[in-house]
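Take your time with each one and follow the steps in the solution.

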Amino acid sequence: MAKLQAVRGMHDILMHETPNWEFLEKSIRFTLNQYCYKEIRLPILEKTELFKHAIGDNTDIVSKEMYSFEDKNKSSLTLRPEGTASCVRAGIEHGLFYNQIQRLWYMGPMFRYEKPQKGRQRQFHQLGVEAFGLSGPDIDAEQIMMCDRMWKQLKIKNINLQINSLGTPESRLNYRNILVDYFSSNRNDLDEDSLIRLEKNPLRILDSKNPDMKSLIKNAPNISEYLDIESADHFAELRELLDHANIKYNTDSKLVRGLDYYGKTVYEWTTRELGAQDTVCAGGRYDDLIKNHGSSPTPAIGFAIGIERLLELVDLENVVAKNTPHVYLLIAGDEARKFGLLLAEEVRNQLPNVKILTNCGGGSLKNQFKKADKSGAEIALILGENELERKQLTVKYLRDEKPQVTIKYSEISNFLSKALSI
């Protein structure tokens, strides 16, 4: 029989890791609540056509990385590679956008068939934040400020903001023609992927990760020189708002993002702390995406944060309280076990914040003490035949040199409240 193991690029999150995830998720939720964003929970499976139409057939995601398959009805389904398309589908389906402003967020697993490496797995987790119905640069700036607040709250340093404008569809079409001329004149320097993109979407060449094309891309015409007045004004106002908020950024005219639906504002938060996978957060405007799905035109902007990459940047050792018990209840004898389980329930009722681990499965007191010490608990409560007869508990401190004491059943909650300062 073959060795049992997870699918390549898809990992278990084990018990010692989950407190880190819980801490990060709680911190993120706190910030999102400050900005009055509401959670939406989306399916992991969608119709393949949704992503092809939204993301673009020529993107790496659609052409190379999606997990797609036919179900029993011969319908093509795909494990979601990103969340914006699903969020837009849900908004159209449930009438969330018509004459309404929506600020939404979601969090969960995404799937892309990529080469597994540090910071990039085939199943990864992502926070998505979207705002619908707002066209001005103020919401663009506020979302960037929200990211900045998250970094500060999580004490993440050495993170940099890159911004750009891709303009309106009309200005992008003009720029597209300029790029075609430029790259066509350097056709011999293009790799295979870029030759395909040259015919279908030359802006995607600017997103190439091929180091051999770095110089060619650097010398390509800048989109900033071809922006229409509307886009140029929008971008100028965004920069003014960020300057006023003292948020540092760099303008990168080659930043185009990996998805076809973006226009006007695009941005990335990057760091040098993660090696090759340097993007922590990325986002931008997609004002035409809802219209392209057959619904009324609705301006929209959003961003996504990779949770695994964020975990790499947070000093979790000093901020996360590990899920260890406060109290370990040792039980000796059948009668004590019956009463001990109820006693632990009573403690949980009266002190909801106290974590009490009850010894189950029997064993000698010596072995139970070993378990208690290994659990990390601060206090051991001992309930044996003598304690049961006298209606009391023996208290032993596991981390301090305090003397062992006995207390009555009726005193247990008051005693633990003071002893644990909870």
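Tyr 286 is buried, at a relative accessible area of 1% (buried is under 20%, exposed over 50%, partly exposed in between, with a 1.4 Å probe and protein chains only). This is a predicted model, where local features need pLDDT of at least 70, side-chain atom pairs count only at pLDDT 80 or more, and totals for chains, interfaces and linings use all residues. Residues are numbered from 1 along each chain as its sequence is written, and side-chain values use heavy atoms, leaving out hydrogens and water.

**Exercise 1.** Work out how the rings of Phe 339 and Tyr 409 are arranged.

*Solution.* Start with the rule: rings of Phe, Tyr and Trp (its six-membered ring) pair if their centres lie within 6.5 Å, and planes under 30 degrees apart are stacked, over 60 edge-to-face, the rest tilted. Next, the centres of Phe 339 and Tyr 409 are 4.6 Å apart and the planes are at 35°, so this pair is tilted. Finally, check accessibility: Phe 339 is partly exposed at 29%, while Tyr 409 is buried at 15%.

**Exercise 2.** Find which residues of helix 13 are buried and what they pack against.

*Solution.* First locate helix 13, residues 365-375 (helices are DSSP runs of H or I, at least four residues; strands are runs of E, at least two; both are numbered from the N terminus). Its buried residues are Gln 368, Ala 372 and Ser 375. They pack against strand 12 (327-331) and strand 13 (356-358), with contact meaning heavy atoms within 4.5 Å. Lastly, the face turned away from this buried side carries the exposed Lys 366, Lys 370 and Lys 374.
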